[in-house]
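Subject: Handover of a structure and of the findings so far

Dear colleague,

Please find below the structure that I am handing over to you. May I ask you to keep it open while you read the notes that follow?

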Amino acid sequence: NMLENIETNIAFKAVHFDGTPAPVSGAVFNNNNAKVADIKTIHDGMGAFSLTAKNGEAYTAKWKDDLGNSYETKLPAAQATGIVLKVLPQADTRSFTIQRSDNAPANLQKLYIIASMQQHLVYGAAVNLKDVPVTGGAIPVKELPSGILQVTIFDSNWVAIAERITFINNENYAFEPEVGF
């Protein structure tokens, strides 16, 4: 979901009619047909772009696939209230930022962040956004096994409202085989 007046990362996946990944490129335009973001796939039809949606504006992605076909896709309307969760890889941590809209209701001002791997809790914290609209932190990952880390934000009623996944690569899946005689 896009959130009004807060930069949001938007991921996409493009596929051909037969379901195979489609390399695409193009741009996102606002109501006035002004370009606000470039789009291009990175791998297997997947890509991402950043957009700061403005109140009352609609956005359309205009793009072409690798076969030369042109398309237009209307993006969903931006939400007036909510939160944005960003998770970024660092050497031994996953840093995160949580930002709420200025007019966020009370249930979005006290949040909880939970990180888990294979359904095991590896990090948890309460987040107070009553007096500030943005905060951040870091989840230590150096001692974790390689795999998927799932980061979930819950509102004050413990309702999940945002989630990101990130891959932890501590290279502990590799081993040196030995042959004995």
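I begin with Trp 158, which is partly exposed, its relative accessibility being 46%. Please bear in mind throughout that the model is a predicted one.

**Aromatic rings**

How many aromatic pairs does a search of the whole structure find? The search returns 5. One of them joins Phe 96 and Tyr 123 in an edge-to-face arrangement, with 6.1 Å from centre to centre and 65 degrees between the planes. Phe 96 belongs to strand 8 and Tyr 123 to strand 10, which covers residues 120-128, so this pair links parts of the chain that stand 27 residues apart in sequence. Phe 96 is buried, because its relative accessibility is 5% and the limit for that class is under 20%. Tyr 123 also falls in the buried class, at 19%.

Tyr 112 and Trp 158 make up another aromatic pair, this one stacked, with centres 4.0 Å apart and planes at 10 degrees to each other. Tyr 112 is part of strand 9, while Trp 158 is found in the loop that runs between strand 12 (147-154) and strand 13 (160-168); the pair therefore ties together parts separated by 46 residues in sequence. Tyr 112 is buried, with 14% relative accessible area, whereas Trp 158, as noted above, is partly exposed at 46%. Together with Phe 154, Tyr 112 and Trp 158 form one aromatic cluster.

A ring also takes part in a contact with a charge. The charged end of Lys 62 is placed over the ring of Phe 29, at 4.9 Å from the ring centre.

**Salt bridges**

Side chains of opposite charge can pair when their charged atoms come close. The count of salt bridges in this model is 2. In one of them, the side chain of Glu 7 meets that of Lys 86, with 3.3 Å from N to O. Which parts of the chain does the pair of Glu 7 and Lys 86 tie together? Glu 7 is in the segment before strand 1 (8-13) and Lys 86 is in strand 7 (residues 83-89), so parts 79 residues apart in sequence are joined. Glu 7 is partly exposed, with a relative accessible area of 41%, and Lys 86 is partly exposed at 22%. A salt bridge is likewise formed by Asp 38 and Lys 35, at 3.0 Å from N to O.

**A buried serine and a partly exposed one**

Is Ser 101 buried or exposed? Its relative accessible area is 3%, so Ser 101 counts as buried. This residue is located in the loop between strand 8 (93-100) and strand 9 (110-117). Apart from neighbours within four places in sequence, the residues in contact with Ser 101 are Leu 3, Ile 6, Ala 80, Thr 81 and Gly 82.

Ser 25, by contrast, is partly exposed, at 38% relative accessibility. Ser 25 is a residue of strand 2, which spans residues 24-29. With neighbours within four places in sequence again set aside, Ser 25 touches Ile 39, Lys 40, Lys 62, Trp 63 and Lys 64. Lys 62 is the residue whose charged end sits over the ring of Phe 29.

**The surface and the backbone**

Ile 148, Ile 165 and Phe 167 make a nonpolar surface patch of about 320 Å². Of these residues, Phe 167 lies in strand 13 and is partly exposed, with 45% relative accessibility.

Asn 5, in the segment before strand 1, has a phi near 65 degrees, which is positive although the residue is not glycine. Asn 5 is exposed, because its relative accessible area is 51% and the limit for exposed is over 50%. Gln 118 sits in the loop between strand 9 and strand 10; its phi, near 50 degrees, is also positive in a residue other than glycine. Gln 118 counts as exposed, at 67% relative accessibility.

With kind regards

Conventions. Residues numbered from 1 in each chain as written. Predicted model: local features only at pLDDT ≥ 70, side-chain atom pairs only at ≥ 80, totals over all residues. Heavy atoms only, no water. Helix = DSSP H or I, 4+ residues; strand = E, 2+ residues; numbered from the N terminus. Buried < 20%, exposed > 50% of the residue type's maximum accessible area, 1.4 Å probe, protein only. Contact = heavy atoms within 4.5 Å. Phe/Tyr/Trp six-rings, centres within 6.5 Å; stacked < 30°, edge-to-face > 60°. Lys NZ or Arg CZ within 6 Å of the ring centre and 35° of its normal. Salt bridge = Lys/Arg side-chain N within 4 Å of Asp/Glu carboxyl O. Patch = residues over 30% accessible without salt bridge, like charges linked within 9 Å, V, L, I, M, F, W, Y side chains within 5 Å. Areas by Shrake-Rupley, 256 points an atom, 1.4 Å probe, with all protein chains shown as cover.
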